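Biologist: Could you take me through the charged and aromatic side chains of this model, one question at a time?

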Amino acid sequence: MTSTFRFALMGALIAILPLGGAGNATELGQVTNLPLPRFVSMKAAEGNVRRGPSLTHRIDWVFKHRDMPLQITAEHGHWRRVEDRDGMGGWVHYSLLSGTRTVLIEQDHLRLLVRPDPNAPVAAEFEIGAIARLGACDLEWCFLRADGYKGWAPKARLWGVGATELRD
């Protein structure tokens, strides 16, 4: 195998490998060099959501829930453009965000199971809109913790984790 062919083959393989992190990330943030889009959570109990990336921009609304999962879609200096589950968002200061991963439960009476198997015993049941800490995930299941309970839930019933995202 010639050296030129090897480099061409390596370039082709690198071009088709997906970026890690948010599952479907296609670019890197200009400030952090982290994948965009990516999921984070609200560190603060309250955070102003602005129309643009500075204190001079108008506040459109206020996020009022600590640990709420958000998706970062853009970066500008110390500001991050975020979206919530409903696609609503704007610019927030990076100090209000945390890399701690959480998810929003999207199914009422979602059963948390003791292992990633639909026939496993039930460990707990979550209401729609509950927030849980995200642990390990395979292609179909994620390990969650909330209010002293822990167990596995189907990834398709959660918002705050990429469909193809794998976590250890």
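This is a predicted model: local features need pLDDT of at least 70, side-chain atom pairs count only at pLDDT 80 or more; totals for chains, interfaces and linings use all residues.

Biologist: What relative accessibility does Arg-85 have?

Modeller: The classes are buried for under 20% relative accessible area, exposed for over 50% and partly exposed in between, with a 1.4 Å probe and protein chains only. Asp-86 is exposed because its relative accessible area is 56%. Arg-85 counts as partly exposed, since its relative accessibility is 40%.

Biologist: With which residue does Arg-38 form a salt bridge?

Modeller: The closest N and O atoms of this bridge are 2.9 Å apart, and both of its residues are buried. Strands, like helices, are DSSP runs numbered from the N terminus (strands E, at least two residues; helices H or I, at least four). Arg-38 sits in strand β3 and its partner, 37 residues away in the chain, in strand β6 (residues 69–76), so that the pair links distant parts. The partner is Glu-75.

Biologist: Why does the pair of Lys-64 and Glu-46 tie together separate parts, and how many residues apart in sequence are they?

Modeller: The two side chains meet in a salt bridge of 3.9 Å, N to O, and Lys-64 counts as exposed because its relative accessibility is 60%. Since Lys-64 lies in the loop between β5 (59–63) and β6, and Glu-46 in the loop between β3 and β4, the parts that they tie together are separated in sequence by 18 residues.

Biologist: Which side chain of opposite charge is nearest to Arg-50?

Modeller: Arg-50, in strand β4 (residues 47–50), is buried yet has no salt bridge. Beyond its neighbours within four places in sequence, its contacts (heavy atoms within 4.5 Å) include Trp-79, Gly-90 and Trp-91. With Lys and Arg counted as positive, Asp and Glu as negative, and His and the chain ends not counted, the nearest opposite charge, 9.1 Å away, belongs to Asp-60.

Biologist: How many aromatic pairs does a search of the whole structure find, and at what angle are the planes of Phe-39 and Trp-159?

Modeller: Rings of Phe, Tyr and Trp (its six-membered ring) pair if their centres lie within 6.5 Å, and planes under 30 degrees apart count as stacked, over 60 as edge-to-face and the rest as tilted. The search finds 2 aromatic pairs. Phe-39 and Trp-159 are both buried, and their pair is edge-to-face because the ring centres are 5.2 Å apart and the planes stand at 90°.

Biologist: How far apart are the ring centres of Phe-143 and Trp-152?

Modeller: Phe-143 counts as buried at 18% relative accessibility, and Trp-152 counts as buried at 18%. The pair is edge-to-face, since the planes are at 65° and the centres are separated by 5.4 Å.

Key:
Residues are numbered from 1 along each chain as its sequence is written. Side-chain values use heavy atoms; hydrogens and water are left out. A salt bridge is a side-chain nitrogen of Lys or Arg within 4 Å of a carboxyl oxygen of Asp or Glu.
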